[in-house]
Amino acid sequence: MSLFVNQLTHIDASLWCPEKGLKGVSWQVDAVLEGELGKDGMLLDFGEVKPWIKHHLDSGLDHTLLVPVEASGVTVSPCEEGLCVRTSTPYAMEVKGPKQAFTLLPVATIERDAVAASLSQTLTEQRPAKVTRVQLSLSDEVIEGAAYGYSHGLKLHKGNCQRIAHGHRSRLHIWQRGTRQHELERQWAAWLDNRYLVEENDIIARDKQALTCRYQADQGTFTLTLPDERCAVLTTPTTVENIAHWLAEQLAAQSLETSTVHAFEGFNKGAIAKASP
Ligand SMILES: Nc1nc2c(c(=O)[nH]1)N=C([C@H](O)[C@H](O)COP(=O)(O)OP(=O)(O)OP(=O)(O)O)CN2
């Protein structure tokens, strides 16, 4: 007998891609459990399935930086903050933070299906009675229009969003004169894709080559250095409300049109902001 729970939760994370560098991702999680029925006629109460799997993901790789430790140029070493991850290809990056902000994977490239297989194996090993196998599937949101992946960290967040390199893959909707602006959406999403969004106050060093940001949060001290050209600097914390506001202001100033932005943060949620020239 099999039991399924579609759209059980979402994973929002960043990963190191040997071709593109730091990349924000959002994955939908679907689950299938195999096993035997108990006297109650159930394989496992749906009320137990979701919290069990969600807890495993929330305390594991969700909101972490996924590091392919066998990729060329990637090194991982202990440091005062916890772990130090350095990369060299396609660009040099250094991230320091508490250990729980990283997921180290013994691979050269992070493949979504391999991550799903690894999670399935761990959950199967920890399965409750009556369950013989757990199979998770991870999928990207199907987005027909503009979409972009970004990474950031929110030092004031009480939960795991305080981690300096976690990310999302998001839709972008732009409205001017009551009409969706698909070409502007495409241009801005392309510019934002694979960028690091940073709050100006957190920058401790910046030159033509690199930008370094650093902050103290509840979970520890975080530092990130990467090429300045891979960043977008905001004067505010990089919440989705502020991202929407920042984009609306940029659009209004550039196009001299009142602009409304629906900025998403991963699946199905986000913020709306409007700005006039
Ligand atoms: N009003 C806002 N709330 C939160 C923001 C924000 O920008 N504005 N941002 C975050 C974090 O960036 C976080 O990454 C969001 O992740 P999310 O998956 O939504 O958070 P949860 O893990 O709590 O939600 P799930 O239901 O587990 O997916 C947080 N809040």
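1. The model is predicted. The face of α2 turned away from its buried side carries two exposed residues, Asp113 and Glu125.

2. Now the buried side of α2. Val115, Leu119 and Leu123 are the buried residues of this helix. They sit on the same side of α2, because they cover an arc of only 65° around the axis. Their packing partners are α1 (46-58) and β8 (131-139). The helix itself runs over residues 112-125, 14 residues in total. From first C-alpha to last, α2 reaches 20 Å, close to the 20 Å expected at 1.5 Å a residue.

3. Val49, Ile53 and Leu57 are buried in α1. Seen down the axis, these buried residues fall within an arc of 45°, so they line one face of the helix. On the other side of α1, the exposed residues are Gly47, Glu48, Pro51 and His55. The buried residues pack against β1 (2-17), β2 (21-35) and α2.

4. Next, the domains. The chain is divided into domain 1 (2-139) and domain 2 (151-275). Their C-alpha centres lie 24 Å apart. The contact takes 27 residues from domain 1 and 24 residues from domain 2. On the domain 1 side, β1, β2 and β6 (93-97) each give two or more residues. Strand β2 gives the most to that side, with seven residues.

5. The largest nonpolar core has 66 residues. Leu65, Leu66, Ala244, Leu247, Val261 and Ala263 touch the most other members. Helix α4 (residues 240-255) supplies the largest share of this core, seven residues. The core also draws at least three residues from each of domain 1 and domain 2. As background, nonpolar side chains tend to be buried together in soluble globular proteins.

6. Leaving aside neighbours within four places in sequence, Leu247 is in contact with Trp188, Val261 and Ala263. Val261 and Ala263 are, like Leu247, among the core residues that touch the most other members.

7. Val95 counts as buried because it has 27 C-beta neighbours inside 10 Å, and the cut-off for buried is 20 or more. Not counting residues up to four places away in sequence, Val95 touches Leu65, Val85, Ile164, Ala165 and Leu224. The C-alpha atoms of Val95 and Cys84 are separated by 5.7 Å. Along the chain, these two are 11 residues apart.

8. Last, the ligand. There are 14 residues around the ligand. His10, Asp12, Cys161, Thr239 and Val240 come nearest. Which elements each supply at least two residues of the shell? They are β1 and α4. The largest share, three residues, comes from β1. Strand β1 is also one of the elements that give two or more residues to the side of domain 1 that touches domain 2.

Conventions: Residues are numbered from 1 along each chain as its sequence is written. This is a predicted model: local features need pLDDT of at least 70, side-chain atom pairs count only at pLDDT 80 or more; totals for chains, interfaces and linings use all residues. A nonpolar core is a set of buried Ala, Val, Leu, Ile, Met, Phe, Trp, Tyr and Cys residues joined through C-beta atoms within 7 Å. A residue is buried if 20 or more other C-beta atoms lie within 10 Å of its own, exposed if 12 or fewer, and partly exposed in between; C-beta atoms are placed from the backbone. Helices (H or I, at least four residues) and strands (E, at least two) are DSSP runs, numbered from the N terminus. Domain bounds come from an automatic or database domain assignment. Two residues are in contact if their C-beta atoms, placed from the backbone, lie within 7 Å. The expected span of a helix is 1.5 Å times one less than its number of residues. The arc is that of the directions from the helix axis to the C-beta atoms. A residue is near a molecule or strand if its C-beta atom, placed from the backbone, lies within 6 Å of it.
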